[in-house]
Amino acid sequence: MALDAAEIEGESAPKAGGKVRLKTLADLDRRTTAARVVFELRDSLAADLGGKPNLSVMKLELIDNVACLGAMLKDAAANYLEGEPIDINEFMAPHQRSAPAARRSRA
């Protein structure tokens, strides 16, 4: 259930004009195993919290991110248990890139 790099990083290759189009969960083909896992977890989390109509935009965004990261972590855990090497930097790199910006915004 490895996620495509563009799905993980959230952006596609630059277009002809040099623009980058950011992808969202809505852009995913729901027929893939990875997408199904993410959407099922997202829907379950939202239902546990009272359903999408009762949730704020912030909570919905957090749920989307938790569902995506949860699917990635489950995939990595399964690979690890099968004896495959795991690159922890795959999970840390996006966080490390955003951490300096988050610190600046709090200052």
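Leaving aside residues up to four places away in sequence, Arg42 touches Leu25, Arg30, Lys52, Ile63, Asp64 and Ala67, where contact means heavy atoms within 4.5 Å. The model is predicted: local features need pLDDT of at least 70, side-chain atom pairs count only at pLDDT 80 or more, and totals for chains, interfaces and linings use all residues. Residues are numbered from 1 along each chain as its sequence is written, and side-chain values use heavy atoms, with hydrogens and water left out.

Arg42 lies in helix α2; helices (H or I, at least four residues) are DSSP runs, numbered from the N terminus. Arg42 has a relative accessible area of 12% and is therefore buried (buried is under 20%, exposed over 50%, partly exposed in between, with a 1.4 Å probe and protein chains only). Leu45 is also placed in α2, which covers residues 33-48. With a relative accessible area of 24%, Leu45 is partly exposed. Leu45 touches Ile63, Val66 and Ala67, again not counting residues up to four places away in sequence. Between the C-alpha atoms of Leu45 and Leu60, which are 15 residues apart along the chain, the separation is 9.5 Å.

## The nonpolar core

The largest nonpolar core has eight residues: Leu25, Leu28, Ala35, Val38, Phe39, Ala67, Cys68 and Ala71. The elements giving two or more residues to this core are α2 and α3. Such a core is a set of buried Ala, Val, Leu, Ile, Met, Phe, Trp, Tyr and Cys residues joined through side-chain atoms within 4.5 Å.

Val38 touches Leu25, Ala67, Cys68 and Ala71, not counting residues up to four places away in sequence.

Helix α3 has 25 residues and reaches 36 Å from its first C-alpha to its last, close to the 36 Å expected at 1.5 Å a residue (the expected span is 1.5 Å times one less than the number of residues). Buried residues in α3 are Ile63, Ala67, Cys68, Gly70, Ala71, Met72, Asp75 and Ala76.

Ile86 is in the loop between α3 (57-81) and α4 (89-106). Its relative accessible area is 36%, so Ile86 is partly exposed. Together with Tyr80 and Leu81, Ile86 forms a nonpolar surface patch with about 360 Å² of accessible area in total. Patch residues have over 30% relative accessible area and no salt bridge, and nonpolar side chains (Val, Leu, Ile, Met, Phe, Trp, Tyr) are joined within 5 Å. A salt bridge is a side-chain nitrogen of Lys or Arg within 4 Å of a carboxyl oxygen of Asp or Glu. Accessible areas come from the Shrake-Rupley method with a 1.4 Å probe.

Notes:
Patch = residues over 30% accessible without salt bridge, like charges linked within 9 Å, V, L, I, M, F, W, Y side chains within 5 Å.
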